[in-house]
Amino acid sequence: MKIKWGLLILAICVVSGFLFTSCEKEKTETNMIIKKWTLVSKTVAGVDIATACENNSKWDFKSDGSYVIKDSCDDTKTGTWTLADDGKTLTLNSITAYKVIENSILNLIIEMQVGDLGLVRWTFK
């Protein structure tokens with residue numbers, strides 16, 4: 001009987017560990033986006049299409065859910081951002097949705113289908 005209770009307690013601990021680990025992963029993915037990113041490239045089919053103003057633009061995602069994008073021509077865009085619970089979709093202003101390809105401490109890579117232009121990929125460091 002003691003062995004059955006021991007196994008039951010062990011099973012509960014293991015399941016609890018998985019639940020807490022998955023919640024921590026979601027929180028970590030969101031926290032990794034919160035920083036000032038510098039645009040390294042904007043590509044279609046591997047060809048850089050970034051304009052002179054877009055080169056080295058700064059995308060600043062803040063912890064309060066707001067963002068500021070400043071380009072090299074001193075234009076500024078502001079709004080709100082959200083990251084889907086699964087960490088795979090970054091949405092700006094509840095309208096523009098980007099597919100998150102990579103979200104790490106060093107890199108942020110997002111993609112979006114843009115009309116006739118095709119699949120556009122933004123890479124940030």
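Author: Two residues are in contact when their heavy atoms lie within 4.5 Å. M112, a residue of strand β8, touches T96, A97, Y98, G118, L119, V120 and W122, not counting residues up to four places away in sequence. The structure is a predicted model, in which local features need pLDDT of at least 70, side-chain atom pairs count only at pLDDT 80 or more, and totals for chains, interfaces and linings use all residues. Residues are numbered from 1 along each chain as its sequence is written, and side-chain values use heavy atoms, with hydrogens and water left out.

Reader: What is the mean pLDDT of the protein chain, and what share of its residues reach 70 or more?

Author: The term pLDDT denotes the predictor's confidence in each residue, on a scale from 0 to 100. Its mean over the protein chain is 85, and 77% of the residues reach 70 or more. Over residues 19-26 the value is below 50, and this stretch has one contact in the model beyond near neighbours in sequence.

Reader: Why is K42 called buried?

Author: Buried means a relative accessible area under 20%, exposed means over 50%, and partly exposed covers the range in between (1.4 Å probe, protein chains only). The value for K42 is 14%, so the residue is buried. Leaving aside neighbours within four places in sequence, K42 is in contact with V47, D48, I49, A50, E54, V120, R121 and W122.

Reader: What makes the K42 and E54 side chains a polar contact?

Author: A polar contact is a pair of N or O atoms within 3.5 Å; within protein, one atom must be able to donate a hydrogen and the other to accept it, and residues adjacent in sequence count only if both atoms are side-chain atoms. The side chains of K42 and E54 make such a contact at 2.8 Å. Another, of 3.2 Å, joins the side chains of E102 and N107.

Reader: Why is E102 called partly exposed?

Author: E102, in strand β7, has a relative accessible area of 28%, which falls between the two limits and is therefore partly exposed. Beyond four places in sequence, E102 touches N107, L108 and I109.

Reader: Why is D74 called exposed, and what is its phi?

Author: At 69%, the relative accessible area of D74 is over the limit for exposed residues, so the name applies. D74 lies in the loop between β4 and β5, and its phi is near 65 degrees, a positive value in a residue other than glycine. N93, in the loop between β6 and β7, likewise is not a glycine and has a positive phi, of about 55 degrees. N93 has a relative accessible area of 33% and is therefore partly exposed.

Reader: Which residues touch the most other members of the largest nonpolar core?

Author: A nonpolar core is a set of buried Ala, Val, Leu, Ile, Met, Phe, Trp, Tyr and Cys residues joined through side-chain atoms within 4.5 Å. Of the 20 residues in the largest one, W59, F61, L90, I110 and W122 touch the most other members. The elements that give two or more residues to this core include β1, β8 and β9. I110 has contacts with W59, L90 and W122, among others, leaving aside neighbours within four places in sequence.

Reader: What makes β9 mostly covered?

Author: Five of the seven residues in β9 (residues 118-124) are buried. In the protein chain as a whole, 31% of the 125 residues count as buried.

Methods
Helices (H or I, at least four residues) and strands (E, at least two) are DSSP runs, numbered from the N terminus.
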